[in-house]
Amino acid sequence: MGRDRLSNAAYSRVADEAKAAGSATHKGEERHRQGKGLHELVDPAGFGVIRRSISWLEPTGKRFKLLRGVAMLEETRLDTTGSMGGNVNIAMRVLPKTHDLLAKVPHAVLGRYDVQMITSIFNDAKDQYILNRSQAELDERIAEQMTYMLPEHGGAGNGGEDPQYGLFGAAYLTAADINKYGLKSYDFTITDEPARNFVTLDNLIRVFGPDVMAKVKENGHVVSEGELPSTKQIIADLLKRAHAFLLLVETGSGGAGYWPTVISKDRIIMIESVEWLPYIKAAIIGLTEGVLTLQSLEEFLIEDAKLSKSVAASIKRAVAGIPIGAQATLPNFGLLPKKDDMFAQKGDLWPIGHQNFTGNASAADDEDGDQDQKAGKKKKKKQGAGWL
Amino acid sequence: MKTGTAIRVKGPKGQMYDVGKQLAVNSRFNLYECTLEDGRVCLLKIAATKEQNGLLDREAYLLTTMMEEAEATEAEYVGKFPGEPPLNYHFLFPRVVDSFVSEEYEGRRVTVLSFFDIADELSDLAPLYHITTRERQRVDPKTSAWILGKLLKLLVFTHGQNITGQSLDGDNILIYHSDKDERHTVAICDWSEATIMPVGLSPDAMTEDIASIAQAVIVALSGDPDDETFAIPPHEEQLTDSRFADHLKRLAEGYEHDAAKAHAEFYTLIKKELWAKAGFHPYTSTRI
């Protein structure tokens, strides 16, 4: 039988243990004290490097049942340098709320999917570990793997941090089933500082291991060692397979001036507090999926998220500029397999009886999801009103 | 929706909107006249496809927020400066009467907009570019000055709220001028391409907005819309001093990104230097 989703009881076991130990990341800190390095589960080089988000097909007689719906990956990448160092504690504390809003409440924004979450934390290249990256999980392992992380609270005071290695992993070292349907996963980076505009091969090897470039190639991407992509290009490539957003905490550290140079402004959200994370993510995802509108968002935040009217209005204003409905306009959005659909064999995209069933082999060919995202940005001439 | 047939659209609270003449069509929406239950005439906008729902959703949100801000700002201004002319920002964009997703129309969003604050009759409003293209008229420079002044005032307001992106060409600038009274004003009709940037607007975005309205005004003066030198046709009486044309051209060429500065400089030029003793100038146009 397949695994169950994150339950409050399962989360509480992990959270209580962390609380008793005095830190959400107590296991990671203990390992570090013992000189053991990152745990394999959160080491970006661990478990085959490529993070996989796979729909669970439960054997049922000679067929396979889609147990929880198509897997939908959500990755959150947290700055844990300097004043942002407490972010993992906050992320751990708000995890049940995040999961509820994505998967459980009556109007859960990803209710039709099997929600799988990756948590990453990033530091500065001068810190010991530039990146910690969990596996894609759906149950209490989300919280467990947070406890293995090691925020270094450093940052080096050098005018920026290094989330671009995490973005590189998201763009080139992630395999999400949702992309096979032409839809995109969700990706959030939370920071207050600028990033660096480049990655180095040495650091890529340091983060992802000596086989990093081979893994990129194995995952179906073409990246040249001699001409590594810039941060801007990494983000552009990430946007081909994920609805990616930058959540900016304004602390006067220069982030607001930097990030519009590498990601479009409609994907930069100012957040007042990392405590808002579950609500901001749910709002963005709900609007992108088309299950929420700006009209219904405030009601959702008040009724389902139990926020005050003023906070709900602030969050609504913060997210009002994003590309609303971007997921809903993608091909196959209305054709996705549903929970309990039966499949003829593993590897099939389309269940038995689906209008696309006969296309199972060919549907798997367009895996890199690039049919709808063109590189480069051309200034769009506005179309007139078309008065008659 | 078919025109010429009696179509009624039902809102979520049971209110009925009688759909009339189709006014405009484009890839984002179809626009119709519609009559409310109390007989007043509004605009009814319906998304061209469900995929465009998000644009109309954001438009309704931005217009509602702008109206709340305009009314709050007006109340504060009147309190602080009694006796001063009102700001009247709310005249410059439509009011949202209703916005909902209509299951009756394939799940497309419907927004009902009014210009009640500006015009009693919808027919008193016309796109600015119709002056030259359909009426074959050109406005005189003093009329163009109040058009530009009001549009700059609008940009001061919208840029202050980090809102940009709405089309600002003559197709989307509605002008009210009526033989019944001396009121005249302008408003931006469609906001479906507008967005809000909480991180702040780029200088390029603000410059483009200012340049767009200046270019639209030059076309209303019968300037050539394809002329990239933005040459302004001469006017014997009102353009004897080149400063107005030079200023308008400078804005059209994209030399200014600060709407508040552009607005202040423009009014200093018009009210204190060029036409200080002019007083109220009614809408004036002449045959091209």
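## Salt bridges

Over all chains, the structure holds 32 salt bridges. The model is a predicted one.

One salt bridge is formed by A:E298 and A:K316, whose closest N and O atoms are 3.2 Å apart. A:E298 lies in helix α12 (residues 294-303) of chain A and A:K316 in helix α13 (residues 309-319) of chain A, so this pair ties together parts that are 18 residues apart in sequence.

## The interface of chain B and chain A

Contact between the two chains involves 38 residues of chain B and 23 residues of chain A. Between them, chain B and chain A bury about 2800 Å², and 54% of this area is on carbon and sulfur atoms.

How many salt bridges does the rule find across the interface of chain B and chain A? The number found there is zero.

## A helix crossing in chain B

In chain B, helix α4 (residues 203-220) and helix α5 (residues 243-252) have axes that come within 7 Å and cross at roughly 135°. The two helices, α4(B) and α5(B), are therefore oblique to each other. Their crossing is left-handed.

On the α4(B) side, the contact is made by B:I210, B:A211, B:A214, B:Q215, B:V217 and B:I218. On the α5(B) side, B:L248, B:L251 and B:A252 take part. Classified by residue type, the contact of α4(B) with α5(B) comprises eight nonpolar residues, one polar residue and no charged residues.

Technical notes. Residues numbered from 1 in each chain as written. Chains lettered and ligands numbered in written order. Predicted model: local features only at pLDDT ≥ 70, side-chain atom pairs only at ≥ 80, totals over all residues. Heavy atoms only, no water. Axes fitted to C-alpha atoms, helices over the stretch in contact; angles between N-to-C directions. Helix = DSSP H or I, 4+ residues; strand = E, 2+ residues; numbered from the N terminus. Parallel < 35°, antiparallel > 145°, perpendicular 65-115°, else oblique. Left-handed = near helix turned anticlockwise from the far one by under 90°. Contact = heavy atoms within 4.5 Å. Nonpolar A, V, L, I, M, F, W, Y, C, P; charged D, E, K, R; others polar. Buried area = accessible area lost by both parts, 1.4 Å probe. Salt bridge = Lys/Arg side-chain N within 4 Å of Asp/Glu carboxyl O.
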